[in-house]
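This report covers helix packing, nonpolar cores and a sheet. The sequence and structure are shown first.

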Amino acid sequence: MFSLSDLDIPIIAAPMAGGSSTPNLAVAVSNAGGLGFLAGGYKTPQALADQIIDVQQRTTRPFGVNLFIPQPALNDRAAVLAYRDVLASENPAATFGEIDQTDDDWFADKVAIVIAQKVPVVSFTFGLPPRDAVERMHAAGSYSIATVTSVPEALQAVDRGVDAVCVQGPEAGGHRATFTTRGEPGAVALGELLIAIREVVTLPLIAAGGIHSGGQIASLLAAGAAAVHLGTAFLRTDESGANPAHQNALVDARFTDTVVTRVFSGRPARALSNTFITAHDASVPHEYPQVHHLTKTLRADAARRGDPDGLALWAGTGFRAAAAGPAQSVLESLWADATAAVVDR
């Protein structure tokens with residue numbers, strides 16, 4: 001079975017759902033000595049299976065797949081309908097999905113796929129997998145990772161029997177991996193959170209959130225992380241599937257800050273502040289994935305038009321450091337800087 005200690009470079013390309021994490025990116029990072037990842041969220045089972053096979057055909061190195069844990073049923077239907085009315089009034093030609101539809105993101109089917117394909121590493125976001133799923137993955141030789149945002153979540157993950165814990169700090173771009181949709185995520189900085197969890201958890205820890213420099217990587221590894229998890233750092237690479245408007249916004253002087261918002265999905269997520277967030281942040285309900293379904297056609301239209309003010313510009317706090325070029329070069333440069341930072345100490 002895979003172990004984080006097997007990596008030549010202890011850097012993981014974070015799974016970014018919505019198209020940014022392509023098979024090309026996963027292959028490039030894994031072949032360069034890190035750990036590439038596919039994002040299973042929002043994909044159909046067939047699309048995920050096709051991407052897994054694609055990666056398997058192009059690398060013999062370990063890679064991972066991330067899956068979304070099914071979420072609780074709709075709680076405040078009236079609030080979601082009110083939000084839909086606001087969006088519809090601003091976008092008369094738009095169509096919106098059915099908010100009452102059952103949506104578990106095909107979780108059972110995707111678990112079956114990663115087991116059948118013997119995917120080396122499987123991680124989970126938005127909660128914990130059923131114990132039997134973890135056991136079945138272990139039987140297939142898969143290494144399991146739970147993503148957590150607090151000490152209590154980390155302890156629950158250990159009890160569930162996973163092999164490693166990904167510690168996500170508030171600096172992370174995209175969705176916070178909190179186990180509950182409606183609660184507010186913690187604000188303890190990644191470094192402090194990592195140390196707090198290291199004190200009570202003996203499993204290997206992966207540090208995630210706003211990491212953008214070799215110095216940070218060296219510090220987190222010295223603090224007890226077995227590896228680091230970077231997403232925004234790979235958004236501008238040649239292999240990234242991020243929309244060009246999203247990639248350009250990361251270096252556009254008009255976009256100066258990141259904020260945590262629910263406007264695009266109902267879940268807290270960090271993105272570059274734009275017009276859509278400013279207009280709706282105060283009125284969005286805490287309902288996921290219903291809000292995601294409401295806004296996805298609007299975001300798709302903004303993507304077609306290349307309009308960054310209508311996109312979910314997911315970005316961690318270190319977004320300005322995201323470099324263009326081959327993913328291998330970005331990975332190797334970060335690791336060289338991290339190695340140099342250790343030598344300089």
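Which hand, left or right, does the crossing of H4 and H5 have?

## Basis

The model is predicted, with local features needing pLDDT of at least 70 and side-chain atom pairs pLDDT 80 or more, while totals for chains, interfaces and linings use all residues. Residues are numbered from 1 along each chain as its sequence is written, and side-chain values use heavy atoms, leaving out hydrogens and water.

## Helix pair

The crossing of H4 and H5 is right-handed (the near helix is turned clockwise from the far one by less than a right angle). The axes of H4 (residues 107-116) and H5 (residues 131-139) come within 9 Å and cross at roughly 20 degrees; axes are lines fitted to C-alpha atoms over the stretch in contact, with angles from 0 to 180 degrees between N-to-C directions. H4 and H5 are therefore roughly parallel to each other (under 35 degrees). Helices are DSSP runs of H or I, at least four residues, and strands are runs of E, at least two, numbered from the N terminus.

Val111, Ala112, Val114 and Ile115 of H4 meet Ala133, Arg136 and Met137 of H5 (contact: heavy atoms within 4.5 Å).

## Nonpolar cores

The largest nonpolar core has 52 residues, of which Ile11, Val165, Val167 and Phe234 touch the most other members. Helix H12 (residues 327-344) gives this core its largest share, five residues. A second, separate core of 22 residues includes Leu48, Ile52, Phe63 and Ile115. Such a core is a set of buried Ala, Val, Leu, Ile, Met, Phe, Trp, Tyr and Cys residues joined through side-chain atoms within 4.5 Å; buried means under 20% relative accessible area (1.4 Å probe, protein chains only).

## Sheet

Three strands form an open sheet in the order S7-S11-S10, with antiparallel pairing (strands pair if DSSP finds at least two bridges between them). S7 and S11 (residues 269-272) are joined over two bridges, and Gly174 stands opposite Arg270 in S11.

Technical notes
Buried means under 20% relative accessible area, exposed over 50%, partly exposed in between (1.4 Å probe, protein chains only). Angles under 35 degrees count as roughly parallel, over 145 as roughly antiparallel, 65 to 115 as roughly perpendicular and the rest as oblique.
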